[in-house]
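Here are my notes for you on this model. Have it open beside you and take the points one at a time.

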Amino acid sequence: MDVLFFWVALLGTVAVLAYHRASLTMFTAVIAALLAIATFTDTVGVVSWVLFLIVAVPLNVASIRQQYLTKPLLKMYRKIMPEMSTTEKEAIDAGTTWWEGDLFRGTPDWHKLHNYPKPRLSAEEQAFLDGPCEELLAIVDDWHTTHERADLSPEVYQYLKDHGFFAMIIKKQYGGLEFSAYAQSCVLQKLTSKSMVLSSVVGVPNSLGPGELLQHYGTKEQQDHYLPRLAKGLEIPCFALTSPEAGSDAGAIPDVGIVCKSEWEGQEIIGMRLTWNKRYITLAPIATVLGLAFKMHDPDGLLGDKKDLGITCALIPVSTPGVKIGRRHFPLNVPFQNGPTQGEEVFVPLDYIIGGPKMAGQGWRMLVECLSVGRAITLPSNSTGGIKAAALMTGAYARIRRQFKLPIGKMEGIEEALARIGGYAYMAEASTTMSVGSIDLGEKPSVISAITKFHMTERMRQAIIDAMDIHGGKGICMGPNNYLARGYQGAPVAITVEGANILTRNMIIYGQGAIRCHPFVLAELQAAGLEDERAAVTAFDHALFGHIGFSISNFFRALWLGLSNSAFSSSPYADATAKYYKQMNRYSAALALMSDVAMGTMGGDLKRRERISARLGDMLSMLYLTSSVLKRYNDDGRPAQDLPLVQWACEDNMYKAQVALDEMLDNFPNRVVGSVLGKLLFPWGRTLRKPSDQLDHQVSRIMQTPCEARSRLGTNLYLTLEPNNQIGLIEKALTDILAAEPIFDKVVHAANKRLPFFRLHEVAALGLELGVITEAEAEKLRVAEQGRLHTINVDDFDPLELAADKSLFDKKPKAKSVAA
């Protein structure tokens, strides 16, 4: 019995030490102390000490460990380590690791999260939102843009140029605005709330493109020439990366530049003969300067011994002879400027390379480093603006629109969809703000940018679908008063660009996250690649045994947090949000454990097991999104009104994390491993549930009722009341309807009969006739009726207005010929 008790105590001690990530020295000392006590009580003998020393000495004496353990393991590792292409290495090396690294390690530091400063606008940035942004949106007519003109008006383009909308990322020394990433995000959200075309046109030059590349890598001459011109709108940039043969696999571009000698401005020089065929390039039809990515070759060795230099980026004025540009694509009836460009053996100087000839072959590194920033701003911000606008407008519509004698927003089926839109809106603002905040802290968040790009565009698509379902006929009839249809049409565009979402989820999020966020995997890869064998063994030893300790710790952490259902886990707050912190502790440990198990059992084959990778990425994503929700709640001062939104978003995310883990275990290639881990990680079954019906009800009430929580949901949207701003009009209608309802009830009571809530002008007349309301109250009923009708009615057209070829209406049908 004493022996059994000793081994149970020893195992328990090991588990506690592993849970708290004790050092190897601490492990050794504590176990030795337990053995000493057991020896003193005659519980164990010499054999136990021998076994202990056989294990402890090699592990604790570095020279022995490295010679007899690390060196053979390094040799084995080099044989089985997955091959990595140059483009993969550059993608992994690009960017930095931030909060997602904590989530990946199994022990999130919540105080660290909440100590990150809340992003704030400077006085200059706030003035830009309140001034130029408002003025710009007042002159934008989205129906005219999307249906009648298929482009922004010349007046809008001129305003964009005159007020620096294309220069938000350009430094002030070149005439730009030099806004923070957070300010750029706020501007794009505001523009999206009225016009997707407008936000796309503004977003691209401030994201991955010539301006960003020039500031980071351009020569002084290139910066001095182009950046002031870009800032003033004298140059319109585009960046041509995507080819018909190379979309998400941008590294496979077939476009080439051959180093050669030719004549340029009357002199023979060494330059490049470029041939390209690009598609889907935003702003290409109106661009004056073309950023071009191509593979550079030097077959005659004019630049050195290397024949294939790799992907290179250059700036080509579109006036260069041979450049074909100007035609347009028509992306799902959302006519932002997007089109193809081609060139056939177009000769340009080497000085056209961004950064000059020394940057030949460095294009892929340049692109992935800039993409890690730009991808976190434009599409997530545009999507967030779209979700938030849909939330406010759909909430208002659901309160105004009545069926079966009550607002449709009171129907439980509608509440379910409304809650999803509202929860996504809160989460989208939270995650986008946190992500761009990391950029302003100096990070280049490559993994986070992939997470936010994928999940914000997906949430935007779902929110628009839900909004369309709630609006019914109002949503499907195009016209100046339809505020959803273009978003519905354009949602797949955001899903497709900057890395298609299927690729992003299945390959990028976890593919980069596993190596960048794991505390030891990248170090192991780098150590294995060292040529100095002694240095390689030393570095690999440190990484490998750190990795082993890390894995053991995560096993015991995941096991205990599963057994206790994270009840004893830590949380920075002891309120209604505490359980979400505890759940994330549990799933963070499970993610870390499953990552090591997947890499250990599949090795390099994990790259090809995309659905395993996708589910691991889903877990990391849900942890990040939930973290951002809790950070936003804390940054906002933990307002009680917002708690239903916080709870809905957290519960939806964590339920999805549970589903991802469950499905991964059910489909794990090694069925024995999957089954055993399923029992360990879910000892009490799947305990997390979707947001409840009651929580759906609370969120839907917030969306339909003017209050501080609803106002926070709509921050940085264009809410100004003007004839062409549908969101401003429906917000006014909601306020008027709510003001009219008590007056309506007063008339109904006086008339002693039930009246339908329409034709409110007639109700006003009846109330005046009965003498129960004042003229001012009657006017409120009339105004409410006008807003109600504007909200529920849809546009109609003369048939001729809808025809693209109006001349067809002027032609008489030809007489049919009769065969003899």
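1. Helix 3 (46-60) and helix 4 (62-80) each supply at least two residues of a nonpolar patch; helices here are DSSP runs of H or I, at least four residues, numbered from the N terminus. Helix 4 gives the most, with six residues. The patch covers about 800 Å² of surface, and Leu53, Tyr68 and Met76 are among its members. Patch residues have over 30% relative accessible area and no salt bridge, with nonpolar side chains joined within 5 Å.

2. A word on the source: this is a predicted model, where local features need pLDDT of at least 70 and side-chain atom pairs count only at pLDDT 80 or more. Residues are numbered from 1 along each chain, and side-chain values use heavy atoms.

3. Now look at helix 26 (residues 643-666). 19 of its 24 residues are buried, so helix 26 is largely enclosed by the rest of the structure.

4. The model has 18 aromatic pairs, meaning ring centres within 6.5 Å; planes under 30 degrees apart are stacked, over 60 edge-to-face and the rest tilted. Trp264 and Phe347 make a tilted pair, 6.5 Å centre to centre with 55° between the planes. These partners sit 83 residues apart, in strand 2 and strand 7. Phe520 and Phe550 are edge-to-face because their planes meet at 65°, with centres 5.8 Å apart. Both Phe520 and Phe550 are buried.

Definitions and conventions
Patches are made of residues with over 30% relative accessible area and no salt bridge: like charges are joined within 9 Å, nonpolar side chains (Val, Leu, Ile, Met, Phe, Trp, Tyr) within 5 Å. Accessible areas come from the Shrake-Rupley method with a 1.4 Å probe; for residues, only the protein chains shown count as cover. A salt bridge is a side-chain nitrogen of Lys or Arg within 4 Å of a carboxyl oxygen of Asp or Glu. Buried means under 20% relative accessible area, exposed over 50%, partly exposed in between (1.4 Å probe, protein chains only). Rings of Phe, Tyr and Trp (its six-membered ring) pair if their centres lie within 6.5 Å; planes under 30 degrees apart count as stacked, over 60 as edge-to-face and the rest as tilted.
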